[in-house]
Amino acid sequence: MKAKLWFLSILFILVLALVGCSGGGDDSGSEDTSGEEGTSENSEGESSDEVVTLTWARGQDSTQASEKLIEEFNKKNPNIQVELREMPSDTGQQHDAYVTQLNAESSEIDVMDMDVIWPAEFAQAGYVLELDRFIQRDGIDMDKYNQGAVSAANFNGKQWAMPKFIDTGMLFYRTDIVSEDEVPQTWDELIESAQAKKGEGGTEFGYLMQAKQYEGLVCNVVEFIHAYGGQILDDSGEVAVDSPETVKGISKLVEIANSDFVPGNINTFTEVESHTAFIEGQSPYIRNWPYQWNLANDENESEIVGNVGVAPLPAGDEGSAAALGGWMAGINKYSEHKEEAWEFVKFMTGPEGQKISAIYGGLAPTLPELFEDEEILEANPFFKEEGFQKALEGAVSRPVAPNYPEVSEIIQINVSKAIAGELTPEEAAATMEEELNNVMQ
Ligand code: GLC
């Protein structure tokens, strides 16, 4: 009997010890977003020849950049091997896939690329690891980064992701169809030119854009709204979308999306459908992000190599406006390899990784010093042009909010209804105003 009691007490102590151990690094159930948990629960104690496999998730990549990044990193870090997990290219679908995994506290993904519109939400939900401890420890100078990109990943005074590349809406055109002095300066000129050029040089359409009901539509409409002097939020963060200027911007977008020079199913077009049509030679013009240049000049992918020009987006009454986009790299708070994950994030978002992304992916660096790099400029000559630099400087942010998905959905739905003719632009602006006021915190 005594022996049995003795055995049970030992067992009890062992169980307690085990529970204590696993509980130590497991803050998964808490709402804590301070990121105070250990950073290397699983890397500690691993012998140096043990190879850690990291899963890096990002949207489908039409370029060589991700492959090259992994190749270079894996070569330099034989003890850490990165594997790519391709996610949907539609940022909203990608977002939802992460949210499902992270809500389930899954450790499957270690590093993920994050759209500029996510950090506030992901930080507040406690999905991503706060990175300041690594940044300080490794002496990363955040002042060297584009400050807009840095602040997009800063929430409650902490850094939740590292800026990887910056996006800004641009007009790409076919230099064999449109001469430099014909490049449209205003949206009305674009309409006229797209109509006239449609059919030239084997094209089927005059203009391509992103008009599906998804995040890219928000970017497109933000550009029209601001070009005509409207805004979604005012400087103090109040909803200010219901204005004659916004109505003008929405009307212009609706006019273009319903014209006979865009594909009849333009309301199903995301970046992928539009860039595919462009590189297949179907249109003289496209609105897209900087990667379009690289892809359109890729011998293996494109039929229009060497015939691509870039210009700022056309102006409305108020001027030209481009949406600010871009991506960051963050670490899953539930990753079992946080230290190694940081090594990869540091590489990918540092000068070497950004150079690879710029050369092989046409992605614009968030480290301004790289705009002086000769190899990068050779691959992306427009990076040095004043028009591009100005577009970057003046790019318009989408509203910043931890509940951004709700904000975005309101804009997407109402603008889609306007395109479909179910709401007038006036009604769309008024409904957005009311609905945004209900969800803005
Ligand atoms: C690009 C931008 C991103 C934006 C998305 C919309 O990927 O970088 O910020 O949300 O396009 O489709």
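## Who sits around the ligand

Let's start with the neighbours. The ligand has 14 residues around it, and those that come nearest are Asp 115, Asp 167, Glu 271, Gly 326 and Arg 398. Keep in mind that this is a predicted model.

Now for some individual atoms. Asp 167, already on the list of residues that come nearest, has a polar side-chain atom 2.5 Å from an oxygen atom of the ligand.

How much of the ligand's accessible area does the protein cover? On its own the ligand has 310 Å² of accessible area, and the protein covers 93% of that.

## Where the ligand sits

As for its place in the protein, the ligand is found in the largest cavity. Two elements each give two or more residues to the shell: helix H8 (215-227) and strand S10 (324-331). Of these, S10 supplies the largest share of the shell, with three residues.

Why does the ligand lie between domain 1 and domain 2? It does so because both domain 1 (53-167 + 326-391) and domain 2 (168-324 + 395-440) give residues to the shell around it.

Note on methods:
Residues numbered from 1 in each chain as written. Predicted model: local features only at pLDDT ≥ 70, side-chain atom pairs only at ≥ 80, totals over all residues. Heavy atoms only, no water. Near = heavy atom within 4 Å. Polar contact = N/O pair within 3.5 Å; in protein donor to acceptor, adjacent residues only side chain to side chain. Areas by Shrake-Rupley, 256 points an atom, 1.4 Å probe, with all protein chains shown as cover. 1 Å grid on protein atoms, 1.4 Å probe; cavity = no way out; pocket = protein on both sides within 12 Å on 5 of 7 lines; lining within 4 Å. Sits in = over half its atoms within 2 Å of the grid points. Helix = DSSP H or I, 4+ residues; strand = E, 2+ residues; numbered from the N terminus. Domains from an automatic or database assignment.
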